[in-house]
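Work through the exercises below with the sequence and the model side by side. Each one sets a task and then gives a solution in steps.

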Amino acid sequence: MMSCREVSELVSRSLDEKLPLIVRLKVRVHLLMCRMCATFARRVRQLREQLSSGRIAPESVLDASLPAATRERLKQLLKNRPA
Amino acid sequence: MGGAKPDKEGVPDPDVWVDRYGDQLYRYALIRLRDPSLAEEVVQDTFLSALKAIDQFQGRGDFGAWLMGICKRRVIDVLRARSRTTHIEADEDSTDPAERLFDRTGKWRVDPGQWLTTPDREVERAEFWRMLDKCLQKLPPRHAALFTLRELDGLSTEELCNEFGITRSNLWVILHRARLALADCLRNYLYG
């Protein structure tokens, strides 16, 4: 019987590669019986979906912008570009 | 921007690049590098590389996306260089979050699921990112970088192993620790 600690590792690994069939089955059985692991699995998968789908797009949240001095310096740099 | 010339073959006049793309590139770099001056350098490098390689663009596709591609490449270069120079031992020695989250028999000590991951409204998504960002800042920098490139930028495990010169099993350990630590951190933010 696999421990929750081992199952959490396998759940994580399943996000990065396909696990062998027998391992997948063992993990699935554990997840059916263990609410905590099932929730962890759901959460990390949701996090992946949210981040990769661009639903949580940090660029649109962050209100940082190029500092004014850098902005001017870059503009000058591009203006004085070699023809 | 009265003096700027119209776009030529899909390439905007370099005089408008900073106003049109500067902030977007800066934010992209800042989120991944967490260092304002490095992010500024990356933006500068991106513009200069784009000037040099402008012939390669040849009006294909979206110029902004092309610039972003250059920027992404630069960000990975910086992260890779940084991971070579930082002490990897410090990274590896960082406490394994599993020690905190599981008891000696390997059972969960705390409910790992008590955190919101389906923020639906714009304002919730923004709030969620701010929380996640704070949690990412608590990770060892290399772990945060690898997690971000994997989850946010969708780099494959092969690409990450090649770029960072690490083995697959090493990468899995890092990504798993990052996921566990983030789960724990997000839970703490919401439920203290």
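**Exercise 1.** Determine which handedness the crossing of α5(A) and α2(B) has, and describe how these helices pack.

*Solution.* The crossing of α5(A) and α2(B) is right-handed, where a crossing is called left-handed if the near helix is turned anticlockwise from the far one by less than a right angle, and right-handed if clockwise. The model is a predicted one, in which local features need pLDDT of at least 70 and side-chain atom pairs count only at pLDDT 80 or more, while totals for chains, interfaces and linings use all residues. Residues are numbered from 1 along each chain as its sequence is written, and chains are lettered from A and ligands numbered from 1 in the order in which they are written. Helices (H or I, at least four residues) and strands (E, at least two) are DSSP runs, numbered from the N terminus.

Next, take the geometry: α5(A) and helix α2 (residues 36–52) of chain B pack at an angle of about 15°, with their axes 11 Å apart. Axes here are lines fitted to C-alpha atoms, for helices over the stretch in contact, and angles run from 0 to 180 degrees between N-to-C directions. The two helices are therefore roughly parallel to each other, given that angles under 35 degrees count as roughly parallel, over 145 as roughly antiparallel, 65 to 115 as roughly perpendicular and the rest as oblique.

Finally, list the residues: T70(A), L74(A) and L78(A) of α5(A) meet E40(B), V43(B), Q44(B) and F47(B) of α2(B), two residues being in contact if their C-beta atoms, placed from the backbone, lie within 7 Å. By class, this contact has 4 nonpolar, 2 polar and 1 charged residues; Ala, Val, Leu, Ile, Met, Phe, Trp, Tyr, Cys and Pro count as nonpolar, Asp, Glu, Lys and Arg as charged, and the others, Gly among them, as polar.

**Exercise 2.** At what angle do helix α5 of chain A and helix α1 of chain B pack?

*Solution.* Helix α5 (residues 68–79) of chain A and helix α1 (residues 17–33) of chain B pack at an angle of about 130°, with axes 10 Å apart. That angle makes α5(A) oblique to α1(B), and α5(A) passes α1(B) in a right-handed crossing. On the α5(A) side the contact is made by R71(A), L74(A), K75(A) and L78(A), and on the α1(B) side by W17(B), V18(B) and G22(B). The residues of this contact divide into 4 nonpolar, 1 polar and 2 charged.

**Exercise 3.** Describe the helices and domains of chain B.

*Solution.* Chain B has 10 helices and 0 strands, and buried residues make up 33% of its 192 residues. A residue is buried if 20 or more other C-beta atoms lie within 10 Å of its own, exposed if 12 or fewer, and partly exposed in between, with C-beta atoms placed from the backbone.

The domain assignment, which is automatic or from a database, gives domain 1 (14–85) and domain 2 (91–191). Their centres, taken over C-alpha atoms, are separated by 26 Å, and 7 residues of domain 1 are in contact with 7 residues of domain 2. Helix α4 (residues 63–85) of chain B gives the most to the domain 1 side, with 5 residues.

**Exercise 4.** Is L25(B) buried or exposed, and what does L25(B) touch?

*Solution.* L25(B) is found in helix α1 of chain B, and counts as buried because L25(B) has 28 C-beta neighbours inside 10 Å. Not counting residues up to four places away in sequence, L25(B) touches V43(B), T46(B), L67(B), M68(B) and C71(B). The C-alpha atoms of L25(B) and C71(B), which are 46 residues apart along the chain, are separated by 6.8 Å.
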